[in-house]
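The structure comes next, followed by the interface values.

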Protein chains: 2
Amino acid sequence: MDRRSFIKSGALAGVGATVAGKGTLTETKKTPGAASVLRGIDDRNVNMGFLGVGLRGRSHLGRILQRDDCNVVAICDIDPAAVSLAQKMISDAGKPSAAVYDAGEFAFEQLVERDDIDGVIIATPWLWHTRMSVSAMKAGKYAGVEVSACNTIEECWDLVEAYEASGTPCMILENVCYRRDVMAILNMVRQGVFGELVHFECGYQHDLRAVKFNDGIQPYGGGVEFGDNAFSEAKWRTSHSVYRNGDLYPTHGVGPIGVYANINRGNRFVSLTSTASKARGLHRYIVNEAGAEHPNASIRFALGDVITTVIETQQGESIIVSHDTNSPRPYSLGFRVQGTNGLWMDLNKSIYLEGKSPEHRWEDAESYLSEYDHPLWKKYGKTAQGAGHGGMDFFVDHAFVESIKRGVGTPLDAYDAAAWSAVSPLSETSIAEGSAPQPFPDFTRGRWMNRKPVFALNDEF
Amino acid sequence: MDRRSFIKSGALAGVGATVAGKGTLTETKKTPGAASVLRGIDDRNVNMGFLGVGLRGRSHLGRILQRDDCNVVAICDIDPAAVSLAQKMISDAGKPSAAVYDAGEFAFEQLVERDDIDGVIIATPWLWHTRMSVSAMKAGKYAGVEVSACNTIEECWDLVEAYEASGTPCMILENVCYRRDVMAILNMVRQGVFGELVHFECGYQHDLRAVKFNDGIQPYGGGVEFGDNAFSEAKWRTSHSVYRNGDLYPTHGVGPIGVYANINRGNRFVSLTSTASKARGLHRYIVNEAGAEHPNASIRFALGDVITTVIETQQGESIIVSHDTNSPRPYSLGFRVQGTNGLWMDLNKSIYLEGKSPEHRWEDAESYLSEYDHPLWKKYGKTAQGAGHGGMDFFVDHAFVESIKRGVGTPLDAYDAAAWSAVSPLSETSIAEGSAPQPFPDFTRGRWMNRKPVFALNDEF
């Protein structure tokens with residue numbers, strides 16, 4: 001049995017065991033991923049490939065290189081500078097240099113066909129995410145894909161169908177699901193501290209103007225260029241603001257809320273409405289930084305400055321999702337988790353719980369966050385220090401690697417990737433139709449009714 | 001010329017002068033209220049009537065009694081205890097006792113017909129607000145109506161049409177428009193500190209469980225009775241939670257935002273969507289307080305615990321309006337005012353302004369709120385102390401009285417009352433139709449395009 005078929009059979013064995021445990025015989029090879037509750041100890045090494053070694057890809061690479069259980073076998077990028085920086089990181093870590101795939105935009109198809117790779121981490125421009133994930137799954141490689149995973153509803157289905165057809169897991173690498181406070185709140189949610197969940201708020205409120213524009217040399221700011229004249233994210237990300245009006249980046253918000261609300265696992269997103277404010281921020285930034293005569297000052301950006309999406313779930317919760325990336329403002333994901341017993345809010349770092357908090361008064365969340373610190377953070381908190389984004393990046397890569405090692409489903413899966421990413425195209429359609437409600441496709445085809453929560457159930461991964 | 005015709009001609013003279021000042025001749029008798037920019041000094045006394053002298057009515061009564069420029073001529077209530085408490089307040093203030101109208105629910109119709117009354121303050125259950133306001137206006141009496149002003153779209157039109165037909169102003173007594181921080185932010189908005197306005201948030205997030213239920217003796221809590229068995233607000237307010245699913249109480253939020261955004265004065269509400277969470281809080285409260293066997297535990301409340309409404313304006317701003325009255329939580333109106341230069345948020349009492357605040361960091365709002373303290377608060381802040389709700393109640397009554405004295409339009413008018421109150425029925429319809437967008441009627445019939453802001457332009461009222 002070679003490594004590749006071992007991995008596949010491992011994943012399927014996991015599924016079978018879970019299914020047997022539930023006493024149902026209707027699940028088949030087409031239902032991978034349900035197995036991640038089965039987590040044997042495993043000391044095998046994982047051979048990893050990287051699709052995209054730009055800034056974000058190299059951030060993952062750095063963490064994978066720190067692990068004793070991972071080998072970096074191959075990397076793929078069309079930017080020679082990125083490839084050479086990645087190779088230097090690999091050699092600096094004292095590891096053998098990786099095979100390079102750089103011959104055109106579709107070179108990744110050769111990388112994923114290698115027999116010696118178990119999984120790939122995909123950190124490329126958004127429009128490549130689904131295509132590369134599908135390609136990896138079809139080739140039997142675990143796909144770890146950066147956020148969002150899909151840009152259109154068709155891509156959501158592509159991802160899910162490739163997952164079901166291949167039996168190979170796909171994990172959306174949503175790091176915010178692993179933020180320390182977010183996981184402590186998950187712990188509280190699961191212990192029933194908030195009571196029955198009723199309402200959520202979340203979003204991506206981040207002044208990205210210096211990410212969307214730069215001088216073509218540095219990644220952040222210094223100019224108002226984007227597209228071919230720019231460097232790093234501004235090269236590809238900004239065009240989405242030119243052409244699309246909707247919540248372009250929902251998963252940092254709806255990911256954690258999706259976990260709290262057991263989306264695809266006893267619950268599901270049912271429908272959404274979305275409303276866009278006027279679009280002023282990006283034009284204003286160009287004019288302020290480079291003057292009204294700069295050619296980019298004539299561009300009409302489609303993306304409203306603030307996009308407000310309201311999701312309804314099958315279990316009757318409401319979720320407000322904000323997207324606010326064109327305006328001067330402090331960073332905030334704006335979480336709110338509200339149940340019948342009380343609520344947590346991120347902005348004022350406060351909790352109110354009936355019968356515990358002084359009446360009608362907020363309490364500092366800090367003591368709750370310590371008390372309910374998630375077992376994963378208790379175990380790996382020190383290791384995670386300095387891993388990126390306050391440590392949460394460690395956990396998302398750790399979960400991906402450990403899932404591969406055990407040959408089981410990933411804690412966040414293709415259905416999660418599809419449901420969360422679907423917010424973008426549905427939001428665009430709602431806005432285009434005057435905020436008309438849009439139904440979510442049920443990517444699980446009804447299996448959300450019986451699927452069980454698997455995310456971070458213990459201190460393993 | 002008797003007092004009543006004096007008031008009417010005063011109001012109309014004001015309109016004429018304003019119209020003449022703008023050089024247009026198309027405005028007629030049917031356009032009252034546009035005149036409130038004309039504010040002559042006036043030392044006349046105002047004769048006031050009270051429709052409803054329950055807790056809220058007596059709160060207004062107490063403030064009116066403190067004024068040297070007001071006489072309380074008549075009061076109306078069907079509750080003898082309320083009438084006698086009000087009369088005691090009047091005599092304790094050393095004033096002659098008021099005429100009483102208590103002979104049935106329609107006794108108010110006789111009160112408003114009195115020749116010696118200039119204006120009435122209406123603080124009755126919601127279902128009487130429009131009816132009484134219309135009746136007062138038709139009788140030529142300034143109508144000061146508690147919030148919300150209307151329960152249905154038909155009532156919104158009733159109010160506007162009575163205003164236009166009678167030429168008598170109607171002021172929605174929205175006290176939060178006069179909250180000290182809210183007015184300081186208005187000052188900042190008008191001075192362009194936030195730049196072009198883009199997005200707002202607001203709401204009514206107030207644990208009303210002990211308001212909706214009591215023991216029939218005390219106004220707040222102590223039991224789970226409502227309707228006939230209850231006292232004060234629980235007698236009438238709770239039935240709205242039984243039968244209606246929507247934002248039942250929008251004006252504390254959309255009032256101030258309406259002023260910031262110049263709604264009906266260069267801008268208007270265009271449409272909304274609304275989404276309700278599940279309804280759990282009220283049933284849970286009854287069970288927790290009185291057990292599952294209490295008869296009220298079998299009631300199915302229509303009102304979702306959290307109602308989220310998103311409004312779009314003609315000028316392209318978005319407004320999130322939250323209604324959250326059935327759950328344990330600290331009080332918060334959740335204001336956010338965001339423009340191209342930065343934003344204020346109420347919850348964390350913080351402001352961020354580009355070029356002023358440290359980059360990507362919130363600043364405590366306090367120094368801005370002091371710097372931009374509104375001229376009205378500078379002048380009357382001391383007088384307002386202890387007037388109720390942190391002083392804002394003083395200003396709303398003051399504005400009503402001063403408008404009557406000058407015979408001019410009120411700073412908040414029938415169009416404001418209609419547009420703000422319309423959020424409730426439109427929200428109900430949207431929820432009933434699966435969050436489908438609902439257009440706002442244009443209660444100004446297009447005149448929002450030319451109407452100018454009048455609210456709190458100086459330190460008079």
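In chain A, 26 residues of domain 1 touch 34 residues of domain 2, contact meaning heavy atoms within 4.5 Å. The model is predicted: local features need pLDDT of at least 70, side-chain atom pairs count only at pLDDT 80 or more, and totals for chains, interfaces and linings use all residues. Residues are numbered from 1 along each chain as its sequence is written, chains are lettered from A in the order written, and side-chain values use heavy atoms, without hydrogens or water.

The domain bounds come from an automatic or database assignment.

| Domain of chain A | Residues |
|---|---|
| Domain 1 | 8-12 + 23-176 |
| Domain 2 | 178-375 + 414-449 |

Their C-alpha centres lie 25 Å apart. The two domains bury about 2,700 Å² between them, and carbon and sulfur atoms give 67% of that. Buried area is the accessible area (1.4 Å probe) lost on putting two parts together, summed over both. On the domain 1 side, Trp126(A), Trp157(A) and Val176(A) lose the most area, together 27% of what that side buries.

The count of salt bridges between the domains is 3. The rule requires a Lys or Arg side-chain nitrogen within 4 Å of an Asp or Glu carboxyl oxygen. Glu164(A) forms a salt bridge with Arg447(A), with the closest N and O atoms 3.1 Å apart.

Which elements supply at least two residues each of the domain 1 side? They are helix H5 (126-138), helix H6 (153-166) and strand E6 (170-172) of chain A. Helices here are DSSP runs (H or I) of at least four residues, strands (E) of at least two. H6(A) gives the largest share, 8 residues.
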